[in-house]
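Here are some notes for a colleague who is opening this entry for the first time. Please read the points in order, with the display at hand.

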Amino acid sequence: MRGLLARRMKFHFLGAFLVSMGSAALYKFGVAEPRERAYAEFYKNYDPVKDFEAMKAAGVLESAPPK
């Protein structure tokens, strides 16, 4: 029974480290990078003036009423 806690802690520490690194990698490649690509694709052709005019024409903005 001597050293049981130390042996088990080494095993669980290694397991926790591997699980945390795996989770971080899955999040990075499964969520963060696709999100960055989607934002980049959206803003590649985004025209804020055109969007403003569309919102203004729809009456969404109180400070800029439609004509």
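1. Overall extent. The C-alpha trace spans about 85 × 25 × 10 Å along its principal axes. Please keep in mind that this is a predicted model.

2. Secondary structure. The protein chain contains 2 helices and 0 strands. Helix α1 covers residues 4–44, and helix α2 covers residues 48–58. A further segment comes after α2, and Ser-63 is found in it.

3. Surface. How much of the protein chain is buried? Buried residues make up 4% of the 67 residues. The chain exposes about 6,300 Å², and carbon and sulfur atoms supply 66% of that area.

4. Phe-13 lies in helix α1 and counts as exposed because its relative accessibility of 61% is over the 50% cut-off. Val-19 is also placed in helix α1, and its relative accessible area of 57% makes it exposed too.

5. Distances across the chain. Phe-13 and Glu-53 are 40 residues apart along the chain, and their C-alpha atoms are separated by 57 Å. For Val-19 and Pro-48, the separation is 29 residues in sequence and 43 Å in space, C-alpha to C-alpha. Ser-63 and Lys-50 are 13 residues apart along the chain, with 17 Å between their C-alpha atoms. Ser-63 itself is exposed, with a relative accessible area of 73%.

6. Charges overall. Side chains of opposite charge can pair when their charged atoms come close. How many salt bridges does the structure hold? The structure holds 2 salt bridges, and they are taken in turn below.

7. Lys-28 and Glu-33. The side chains of these two residues meet in a salt bridge, at 3.0 Å from N to O. Lys-28 is partly exposed, with a relative accessible area of 41%. Glu-33 is partly exposed as well, at 24%.

8. Lys-44 and Glu-41. These residues form a salt bridge in which the closest N and O atoms are 3.4 Å apart. Both residues lie in helix α1, 3 residues apart, which is about one turn of the helix. Lys-44 counts as exposed, at 57% relative accessibility, whereas Glu-41 is partly exposed, with a relative accessible area of 46%.

9. Lys-56. This residue deserves a separate look. Lys-56 lies in helix α2. Is Lys-56 buried or exposed? Lys-56 is buried, yet it has no salt bridge. The nearest side chain of opposite charge belongs to Glu-53 and is 4.6 Å away.

10. Surroundings of Lys-56. Which residues does Lys-56 touch, not counting those up to four places away in sequence? The contacts are Leu-61, Ala-64, Pro-65, Pro-66 and Lys-67.

11. Points to check on the display. Then follow the chain from Phe-13 to Glu-53, whose C-alpha atoms are 57 Å apart.

How values were computed: Residues numbered from 1 in each chain as written. Predicted model: local features only at pLDDT ≥ 70, side-chain atom pairs only at ≥ 80, totals over all residues. Heavy atoms only, no water. Helix = DSSP H or I, 4+ residues; strand = E, 2+ residues; numbered from the N terminus. Buried < 20%, exposed > 50% of the residue type's maximum accessible area, 1.4 Å probe, protein only. Areas by Shrake-Rupley, 256 points an atom, 1.4 Å probe, with all protein chains shown as cover. Lys, Arg positive; Asp, Glu negative; His and termini not counted. Salt bridge = Lys/Arg side-chain N within 4 Å of Asp/Glu carboxyl O. Contact = heavy atoms within 4.5 Å.
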